[in-house]
Structure formats: C-alpha cells, structure tokens
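Please keep the sequence and the model in view while reading.

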Amino acid sequence: MYSEKVMDHFSNPRNVGEIENADGVGTVGNAKCGDIMRIYLKVDDNGVISEVKFKTFGCGAAIATSSMATEMIKGKTLKEALALTNAAVAEALDGLPPVKMHCSLLAEEAVKAAVEDYMKKHPEAVI
Amino acid sequence: MDRIYMDNAATTAVHPAVLEKMLPYFTACYGNASSIHSTGRDARKALEEARRQVAAALNCKPQEVYFTSGGTEADNWALKGTAFSHRAKGNHIITSAIEHHAILHTCEWLEKQGFEITYLPVDEYGMVNPADVEAAIKDSTILISIMAANNEIGTIQPIAEIGQIARAHKVLFHTDAVQAIGAIPIDVQAIGCDMLSLSAHKFHGPKGVGVLFVRQGVRLDNLLHGGAQERARRATTENVAGIVGLGAAIEMATANMQEKNARISALRDQLIDALTQIPYVRLNGHRTQRLPGNVNVSVRFVEGEALLLRLDLAGVAGSSGSACTSGSLDPSHVLLAIGLPHEIAHGSLRLSLSDTSTQEEVDYVLSTLPGIIDDLRSMSPLYNDFMEAQK
C-alpha cells in the first residue's frame, strides 16, 4: 500500500532526533488520534534553516512524511519553509494512500508551527 | 531465515494433508451434490462425510451442521435468522461489546430494523460477566450471542455458564466460536448453545467455508433463498472441495488438542513473559483464560502500524488494533472496551501462533522486537516527554 519512497523514508528516516536550544519547535497532532509530530529548527542569521530534526509518534506514513518534510526544508529560507504544502510532501513520496493524506497535512502543520515558534521567539525577524 | 508468520488469528495456512483431500473435488469429483447421477452422488458422499466429521468434533448430530461461506455468514444467519423468526415473541438481543464485527455490525443493522440490542461491557481482561447476561434478560429477549473466545486479545469467555443461564430463561444462545475451534474444547452439549459459528481457515482449512451449528428444533429464517440445499435452509450449490477441506481440518484440529496446545501455549508464555519485561509494555487480555496462541501487548509511546511495518521488514508478520490498521480513526473496539486509553490502544501488537510456530521463530522475534521498540521510542515525542517528566 505504500510506495517504495515511503518505505525508504520510514525504514531509514532522515533527520530524526532533537536539537538542544532549538530556535523554533513545533508540535502538532494528538496522541488520542495516534499521531504527534515535533519539528526542531536551527535558523542562521540569514533566515536560512541550517539544521532540522524531528520526533514523531505515529504510523509509517507519519514517520515518512516527517522525514521527507524535514529534508524539503533543510537549507531553505523560512519563507520557503512556510510555502511547503502537504501535497508537495505527498508527491515527493510518490503519493500516499488516501487515508494517509492527513499525515502529510500534519507534516505541513508541524513545519508551520516550528516557524511560527521561531517568529514568536524572534519578533525582529522578517520573512 | 524464512518469513515468520505470527498472524494465525487472521488466517492460517491450509495444511498440506487438508489440501490433498480437497484436490480431487475440483477435478475428478466435480459433481453437483444435488445431482442424482453417480458423479453427483460422489460429491454428496464427501459432503456428508465432512458433516459427520464436524458433528463428531462438536458433539452434535450431523443434521445439525449447516455449511456456510464462512464465519461471517454463519454469524449473520444466526442473528438475522433468529431475529426475524422470533419477532412475534420479542425484539431484544443481548451481545457483548467485544464481539467480532460480523456480530456487532449485524446487530447495528438489526437496530435499524427495530430490534433492541444490549451490548454488555467486559472487565479489564475482556471477560463477560455471566451475571450481567442474566440481569439483561427481559421478557422480550429472544437471543443471547456471546463469543467463545475473543479474536484480538484471546480472552476465553464463560460460555458454559452463559449457556446455563440462557436455558434457565428459555432464551436462545448463539456463540461465535471462530477463534476457539482447535484451541479449546468445544462441545455444544457441554456449552448448551443453540447455535455456533465456525470458520475453516482459522484452523488450517480453506477460506470461504464455515459452519453454523443449529440445534434440532431451533427455528431460524433463511438468509439465502433459492435451491433446496442444506435441507432447504441454505441455498447455493455446495462448495464441495471447501467443505471436504473443512471436515479434514476440523478433525485434525481437534485431535491431540491438549498436547498440541500445551506446546503452543508454552511458546505464547515465553513471548508474553519476555515482552512484558520491557518497560511500559502491558499484556492485553486475561493471563490464563486465554487462547493458547494469542499474544496481545500494548507498547506505550509507539504506534502499532509502525511497529508492524518494522516487524515486517524484519520478516515477521503480526497485526495491530491501532486506528491506522483498523481503517478508521478509532483504535480497536475491543481494546477500548477493556478500558485502554486511545494512545495506549494505538500501540497494540498481536502475535498469534499456531501448530506451525516454532521455538526458533519465538527466539528470533524476541531477539528483534525489543530493538525495534527502542528505535521507535527513540523517535517518539511522547516517550521523550514522558522520560523528561520522570526526571
């Protein structure tokens, strides 16, 4: 039911872990529904995401979308990260089963939540 | 290492000896069992031999055995057939919250037809209390349907006690014994049930064939209308090869049951003991009143589908009651009924053994699974937060 890419990102997830003293952290989802994603960002002086890590509680698709989303925003500006859509994450994974599309939405929301957290901590930042 | 199959509660491999008995009925003996010629009579003979084998296994009369297309049809027939033929007497049916969907969804449909259903709760081990059954009986009660053993958590139900209560109150009693055949002794006289469902593919028989035992004298509307097969109670040209397979499989499954199950439950206990040693892993279901092949644990802080996929990559087939595997937003109704919060129910893992399971397989699973759990926990924010809070 999963594409090879999903299985690849599920079995060898990229960017797993956490960043101590991260510049921005976003957590979305809830345990009751079976998915929680947390994304940690390190942002350099130019507003570029220099480091990104994630931790996810969830199914295969939740882990794979977290992995892919972090790959897609690494080295990008905050503005570019905010423009990431769930459709783009799903497409980069060669598609997701319809019932799993909400996982890609969660990944998009986790990225947005992490950027918003950064903005809150750095009100001087301009995107 | 070959792939390890620990999902025998979902389905089992057809035993080679069963397959061998079935094969002639696809080609050489392909007759329609209703035909008068000798080709038909050969098929009829095989059909009646299988009926005798089932009757011997259940301790009933051969004419009380009705072949169906599987457990689901048998459950549907028992419930709908009883409901509609006893409508004049009453409209109330008692069942439990942990039945298979073949029962629960049929009950939900019956509710729409005007029947009243009581879904009895279970205790934390998944056990129905016979006193609750008795208390739920009222004048309008026409049927009690309680499973013999649960498919997810393996809890064996006190069906003989429930059978006694049903008799005392003159209410019909059906039991879904799909998971129980070959796993625990099933004697319809000892249980005192009026109807019982079973399915061949759960005990090394083929898929697509099952039985509804209907005690002589029990009135039941037909589910399938058509020809006069199965003494005019269940139309459709008989699936002779499948039925031959069911007969052979039930005979094998109920032979040397004690010896066979002693070995399987020893393997089960090794898995349960070792897995529950892992911190924040709990056993679901009853420790002793449990099917010999059933292991069901909840692994906190991880999600069941991820666990299954990782196990599959390691060559092990299991199953889970997480929402992601149930095809809905909620985790298994059985795990919720025993009182598990959603987040713990999402992390459930069922490993189900059979005659074909080996010590080597158990050793391999125990050498692999703890590492997978560690790995998934290491990427779980829930585990992260929990451990932080413990400090």
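Which residue in S8(B) is the bridge partner of B:Val65? In this predicted model, the bridge partner of B:Val65 in S8(B) is B:Phe213.

- Seven strands of chain B form an open sheet with mixed pairing, and their order is S2-S8-S7-S6-S5-S3-S4.
- From one strand to the next, the twist averages 20 degrees.
- S2(B) pairs with strand S8 (residues 210-214) of chain B in the antiparallel sense, over four bridges.
- S8(B) also pairs with S7(B) in the antiparallel sense, in this case over five bridges, and B:Leu198 has B:Val211 in S8(B) as its bridge partner.

**Burial of strand S7 of chain B**

- Five of the five residues of S7(B) are buried, so this strand is largely enclosed by the rest of the structure.
- B:Met195, B:Ser197 and B:Ser199 point one way from S7(B), while B:Leu196 and B:Leu198 point the other way, and all of them are buried.

**Helices on the sheet of chain B**

- Helix H2 (residues 38-58) of chain B lies across S2, strand S7 (195-199) and S8 of chain B, and runs at about 115 degrees to S2(B).
- Helix H4 (residues 101-112) of chain B also packs on the sheet, where it touches strand S3 (92-96), S4, strand S5 (141-145) and strand S6 (172-176) of chain B, and its direction makes about 145 degrees with that of S4(B).

**Helix pairs**

- In chain B, helix H3 (residues 71-85) packs against H4(B) at an angle of about 30 degrees, with the axes 9 Å apart; H3(B) and H4(B) are therefore roughly parallel to each other, and their crossing is right-handed.
- The contact involves, among others, B:Leu79, B:Ala83 and B:Phe84 of H3(B) and B:Ile103, B:Trp109 and B:Leu110 of H4(B), and by class the residues of the contact of H3(B) with H4(B) divide into eight nonpolar, three polar and two charged.
- In chain A, the axes of helix H2 (residues 60-73) and helix H5 (residues 101-121) come within 9 Å and cross at roughly 40 degrees; H2(A) and H5(A) are therefore oblique to each other, and the crossing of H2(A) and H5(A) is right-handed.
- A:Ala61, A:Ala62, A:Thr65, A:Ser66, A:Ala69 and A:Ile73 in H2(A) meet A:Cys103, A:Ser104, A:Ala107 and A:Val111 in H5(A), a contact of seven nonpolar, three polar and no charged residues.

**Residues with positive phi**

- Most residues other than glycine have a negative phi.
- B:Asn59, which lies in the loop between H2 and S2 of chain B, has a positive phi near 65 degrees and is partly exposed, with a relative accessible area of 38%.
- B:Ala232, which lies in helix H8 (residues 229-232) of chain B, has a positive phi of about 65 degrees although it is not a glycine, and at 44% relative accessibility B:Ala232 counts as partly exposed.

Technical notes. Residues are numbered from 1 along each chain as its sequence is written. Chains are lettered from A and ligands numbered from 1 in the order in which they are written. This is a predicted model: local features need pLDDT of at least 70, side-chain atom pairs count only at pLDDT 80 or more; totals for chains, interfaces and linings use all residues. Side-chain values use heavy atoms; hydrogens and water are left out. Axes are lines fitted to C-alpha atoms, for helices over the stretch in contact, and angles run from 0 to 180 degrees between N-to-C directions. Helices (H or I, at least four residues) and strands (E, at least two) are DSSP runs, numbered from the N terminus. Angles under 35 degrees count as roughly parallel, over 145 as roughly antiparallel, 65 to 115 as roughly perpendicular and the rest as oblique. A crossing is left-handed if the near helix is turned anticlockwise from the far one by less than a right angle, and right-handed if clockwise. Contact means heavy atoms within 4.5 Å. Ala, Val, Leu, Ile, Met, Phe, Trp, Tyr, Cys and Pro count as nonpolar, Asp, Glu, Lys and Arg as charged, and the others, Gly among them, as polar. Two strands pair if DSSP finds at least two bridges between them. Buried means under 20% relative accessible area, exposed over 50%, partly exposed in between (1.4 Å probe, protein chains only).
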